[in-house]
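Good morning, and thank you for making time for this item.

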Amino acid sequence: MRFQMKLVGTIAAAFAMGSVAAETIKVGIIAPFSGPFAHYGALFKAGAEGYVANQGGKLAGKDIEFIYRDEGGPNPANTRTLAQELVIKDKVDYMGGVVFSPNAFAVAPVIQASKTPFVVFNAATSDITTKSDYYVRTSYTLWQVTVPMAQHAAKKGIKKVITAVTDYAPGVDAENAFKAEFAKQGGEVVESIRMPIRTTDFAPFAQRIKASGAQAVYVFLPGGPPNLGFVKAYNENGLKAAGIEFLGTAETDEFDLQKFGDSALGLTTAFHYSAAHDSPANKVFADAVAKVNKDAVLNYATVGAWDGMAVIHKMIEATGGQRDGDKAMAAIKGYQWESPRGPVSIDPTTRHITQNVYLRTVEKGAGGLMVNKEVQNFGPQVDHGLRK
Amino acid sequence: MLLLANILIDGIAYGMVLFIIAVGLSVTLGLMRFVNLAHGAFAMTGGYIAAWLVREQGLSFYLGVPLAVLATGLLGALLEVTVLRRLYRRTELQQVLFTIGLTFLFVATANLLAGPEVQLIPLPPALSHAVDLGVRTLPAQRLLVIASGLLVVLAAYWVLNRSRFGIWLRATVDNTAAASALGIPVQRVYVLTFAVGAALAGLGGILGAELMPLEPYYPVKYLVLVLVVVAVGGMGSIAGSLAAALTLGIIDTASKYLASDWGSLFFFLAMAILLAWRPQGLLTARKA
C-alpha cells in the first residue's frame, strides 16, 4: 500500500514538474454531485463559477477551466482515486472542494507528493490542514464557531448547559470544544448527550434535556432532516416555552432555514456567514452567484467556494500562471481580503481562514422570509482547535 | 416513574407510525405473497403529495391529507394494473429486483421534481400546539398519530375478518383459480388490496413526517425499519404488526432515554431475539 502510494506520488510529481506556464489554469473540484448531498456540489459550482464570472471570466489574465469530480458521499478511497486522476490524467494546477473530512484526509498524500495546492471549501475537522503543506481552508471549524458561543453563554450568566450532539466525528469535535471553553469560563456542562446518527425521533432527547435542569442546550446536528426534527422537538416538547436557550452553529443554515417555518424564530447560533450579512461584498457575491445559478442558496458552502477561488486567484497572480505549489502556498499565508462574510485572512501557521464569528438570531425579514440576523460580532477568530 | 411514562408515551407514538407504514406491506407481502420493496416509496409519495397540496396549493390540512391518501391509492392501483400485476407469478428474486428498481425511480423523480430538501407538511393550529398531559406536554400531532393507528387496526381487522371483501381476498390468495370459478372478481380484488396497501403507506408517510422527515431518499432510508416490523410481526398479521411496531418503538425509545451512546443496537438486538424466539412472527400461531 505504502509502496503504491509512493509510486503514484513519484509519477504525479514527475508530471507536475514537467509542465510550463499555461494560458488556461485547470482547477479540479471534488464535491458530491449525486446522492443525498448533491446540493453541496451545486452550491460549490455556483460559488466558484460566480467568482470567476465576477472577475470577467479570467483570473490574473488566465482562463480558468473547471474539472468537476463526484465524491458521492463519505468515501475516502474513492476520493483519493479522483484526486490522483485529476493530478495525473487531467494535470490540474489547483484543486478545491470536499465536503467530508475523511475524504479531505485521504487526498493529503496525493497533494503532498505532487505539490498541488488544495483549497478545502467545507470539511471542518481541525487537523486536516496539518496533514499536508498544500492545504488551505476557506470554510470554518467547529472549534472556531463554538468557542465564542461558549464565551457568550458564560457572559450572559448561564451557568448550566447540556450538550446534545450527533454521534459522529464533527459532533464529538463540537462537544469537546464547547465543554473545554465553557469550563474555562467557569460554567458547568451538566450532561452530554450523543444522539445516534440515524435518529429520527428527537422527542426522547428533548425530554432528557428538559429534565437535566440546564438553562441552555448546545446543539450540533448535521444539516437537513435531523435539524428540522430536532428543532420541532425543541418547540413541541416545551423546551422553548420553559426558557431553555438554544445555542447552535450551522443548524439554521440558509439551505434549510425556510423549511423550519415559525419554529425557528428566536433560535440563536454562532456562525461565520449569514446570507443577511449587510455589506457591499455580500451584495456583489449574491448578484454574481445568482447570475450563474438563480436557484443557488447563499450559505457556508457557496461562500466557502467563492473565497476558495479568491485564494486560488491570489495563487495564480503570485506564480504568474506557472505551476509552483510552494510559491503559491507562500503567497497566500497571511493573505487578507474582503469576503462576503467580512474581512478575512489566511493564518500563516495553520493555513486556516481567520474570520469574524457572529451571534445571530432567526427573524422574519422582508417578504416573510426567515433570515439569520447578525446581532453581535465576536470579532476575528482563529481555529481554536489547532491553536489551543 | 416519570421516565417510564415518557418512554411509553414517546415509544407508542413512534411505534404507531411504524405500524401505519408497515401494515400495508404486511398485507401485500403476507396475503398477496408479493414482495413489494417499493412500499416505502408509496409512503414518501403520500407525504410529498400532502406537502404539495397543503403547503404549495394552500388546501386545508383536513382536505389535503385525505386527497393525498386517495391519490397514493390511485397511483398504487395504476402501477398494479400496468406493471406489478405481471410480477405476481415471477420468482421472489425478480419481484425484489423490480421493486427495488422502482424505488430508485421514485427517489430520482422526487429529487427531480422537488429537489433534495426536506418537505414539510404544515400542521393546522389544532395539531401544532402542545397538549398538557399532566406529567408532561406532548405535541397534539402525536395524539392524532396514536388515534389513527388504532383506527387503522380496527378497520383492517374488520375488513379482513368480517367483511365480504376480506373473504374474497383470503379465498383469492389461497386458490386463485377456484376463487375465479366461484365468481369472485379476482383481478379487482388484487387491485383494490394493493391500492389500499399503498394508500395506508401514504397515510403513514404523512402522519409520520414529523418523525421520519420526507426527502428523496426516504424510501431507501426507512425500508429496513418497515421490513423489520413486518418480519417480527409476522407477514399478513395485522395484530402482529401492531405488537411488533409498538414493542420495537418502545425499545428504541427506551434506548434513547437510557443508553443513547449505543445507537440503534437495542432495536436490532430486540429484532434478532424476537425472530429467534418466533421466526414466523410474534402473533402468527401456525404455518406460514
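The contact between the chains takes 32 residues from chain B and 27 residues from chain A, where contact means heavy atoms within 4.5 Å. About 2,600 Å² is buried between chain B and chain A, and carbon and sulfur atoms give 55% of that area; buried area is the accessible area (1.4 Å probe) that two parts lose on being put together, summed over both. On the side of chain B, V118(B), L120(B) and K256(B) lose the most area to chain A, together 21% of what that side buries.

A word on conventions. This is a predicted model, in which local features need pLDDT of at least 70 and side-chain atom pairs count only at pLDDT 80 or more, while totals for chains, interfaces and linings use all residues. Residues are numbered from 1 along each chain as its sequence is written, chains are lettered from A and ligands numbered from 1 in the order in which they are written, and side-chain values use heavy atoms, with hydrogens and water left out.

I turn to the sheet in chain A. It is an open sheet of six strands in the order 2-3-1-4-5-6, with mixed pairing; strands are DSSP runs of E, at least two residues, and helices are runs of H or I, at least four residues, numbered from the N terminus. Two strands pair if DSSP finds at least two bridges between them. Strand 2 (58–59) and strand 6 (135–137) of chain A stand at the edges with a single partner strand each, so one side of each is left without a neighbour in the sheet. Strand 1 (residues 24–31) and strand 3 (residues 62–70) of chain A pair in the parallel sense over eight bridges, and T24(A) stands opposite D63(A) in strand 3.

What lies across strand 1, strand 3 and strand 4 of chain A? Helix 3 (residues 76–88) of chain A does, running at about 150° to strand 3; axes are lines fitted to C-alpha atoms, for helices over the stretch in contact, and angles run from 0 to 180 degrees between N-to-C directions. Among the residues of helix 3, T79(A), L82(A), A83(A), Q84(A), L86(A) and V87(A) are buried, that is, under 20% relative accessible area (1.4 Å probe, protein chains only).

Finally, helix 9 (residues 186–207) of chain B has 22 residues. Of these, 18 are buried, so helix 9 of chain B is largely enclosed by the rest of the structure.

Definitions and conventions
Expected span 1.5 Å × (residues − 1). Buried < 20%, exposed > 50% of the residue type's maximum accessible area, 1.4 Å probe, protein only.
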